[in-house]
Amino acid sequence: MGQHLEANDIATAAPVRPGAVDRPVRLVDRAYEQLRDDLVALRIEPGEPLDEKRLSASLDVGLTPVRDAIKRLTLERLVVTYPRRGTFAAEISVSDELWLTEVREDLEGLAAALAAVRATAAEREELSRLADLVGSHPSADHGSTSYIEVDGAIHRAIYAAAHNPFLEANLNQYANLAMRIWHYGLRRVADQPSAGCDQAEVVAAIVRGDADAARAGAQAHLRDFSNSVRALLAH
C-alpha cells in the first residue's frame with residue numbers, strides 16, 4: 001500500500017486473472033505474466049539467455065517493467081542470474097517434481113476447501129466455464145499443451161477464489177514449476193494421455209460449497225498429476 005505508480009506503469013488491457021474485475025493492469029504485471037507463461041510452456045528454452053532490450057521490444061513495454069518482472073521470476077526460481085554472465089531461463093530438474101508434490105498436496109487441498117467457502121458467485125461461474133473447457137477435450141488429448149494450459153488456469157482460479165494472498169502466491173509459484181516439468185515431459189512423449197487428471201469433481205465441489213469434497217478432490221487430482229508426470233518422464 002502507498003506504492004507510487006508512474007503513468008507508464010499502467011496499461012489499459014483487461015486483467016489476465018480469471019474472474020477478476022475489470023481494472024487497469026500494470027505493465028510490470030503484463031510483462032511478468034507473459035514471461036512466466038513463456039517460461040512454463042518452454043517457449044523460452046531452459047538455459048536460454050534473457051536479453052532485456054529484446055524482451056522490452058517483443059513485449060512492447062519499457063526496460064523497467066521487464067527488469068522488475070525478471071526480478072520476480074528469479075525469486076520464483078524460473079530465472080537465474082549469474083554475475084558477469086547474465087540472466088537465463090532456469091534449467092529443469094525433473095527430480096524437483098517429487099519435492100513439489102510433497103509441498104503442494106496439503107496446500108492444494110486447503111485452497112480448494114477455502115474456495116468452496118469463500119468463492120464469489122462470479123468466481124464459481126468462471127470455474128464452471130473453465131471446467132467445461134476441460135470437458136471439451138477428448139481423453140486422448142488430456143496430455144496436450146492446450147489441456148494443460150486450461151488445467152493451469154483452473155488452478156490459478158481456485159487459488160484466487162481461496163482469498164488468501166499468501167496461499168495464492170506460494171501455490172502459484174509451486175504450480176508454475178511443476179507445470180514446467182510437465183511441459184518438458186510432453187516434449188519427450190507427445191500426446192501422452194493423462195486420464196483421471198481433470199478437475200471437474202474439484203470444481204463441482206467448490207461450486208456447491210462442499211469444502212471436504214473439494215479438499216479431497218484437489219489432493220487426488222494432484223496425486224494423479226504427479227503419477228502422470230512420473231510415467232511421462234519414465235519413457
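Visitor: At roughly what angle do the axes of helix α4 (residues 96-118) and helix α8 (residues 200-208) cross?

Guide: You're looking at a predicted model, where local features need pLDDT of at least 70, side-chain atom pairs count only at pLDDT 80 or more, and totals for chains, interfaces and linings use all residues. Residues are numbered from 1 along each chain as its sequence is written, and side-chain values use heavy atoms, leaving out hydrogens and water. Helices are DSSP runs of H or I, at least four residues, numbered from the N terminus, and an axis is a line fitted to C-alpha atoms over the stretch in contact, with angles running from 0 to 180 degrees between N-to-C directions. The axes of α4 and α8 come within 7 Å, and the crossing angle is roughly 35 degrees.

Visitor: Which residues of α8 make the contact?

Guide: Contact means heavy atoms within 4.5 Å. From α4 come A112, A115 and A116, and they meet α8 at V202, A205 and I206.

Visitor: How many of the residues in the contact of α4 with α8 are nonpolar?

Guide: Ala, Val, Leu, Ile, Met, Phe, Trp, Tyr, Cys and Pro count as nonpolar; Asp, Glu, Lys and Arg are charged, and the others, Gly among them, are polar. With no polar and no charged residues there, the nonpolar count is 6.

Visitor: Is D38 buried or exposed?

Guide: D38 is in helix α1 (residues 27-40), and beyond its neighbours within four places in sequence it is in contact with R43 and I44. Buried means under 20% relative accessible area, exposed over 50%, and partly exposed in between, using a 1.4 Å probe and protein chains only. D38 has 14%, so it counts as buried.

Visitor: What kind of aromatic pair do Y82 and F88 form?

Guide: Rings of Phe, Tyr and Trp (its six-membered ring) pair if their centres lie within 6.5 Å, with planes under 30 degrees apart called stacked, over 60 edge-to-face and the rest tilted. There are 2 aromatic pairs by this rule. For Y82 and F88, the centres are 5.9 Å apart with 50 degrees between the planes, so the pair is tilted.

Visitor: Which residue has its charged end over the ring of Y82?

Guide: A charge sits over a ring if NZ of Lys or CZ of Arg is within 6 Å of the ring centre and within 35 degrees of the ring normal. R104 does this over the ring of F225, 6.0 Å from its centre. Over Y82, 4.6 Å from the ring centre, sits the charged end of R85.

Technical notes. Helix = DSSP H or I, 4+ residues; strand = E, 2+ residues; numbered from the N terminus.
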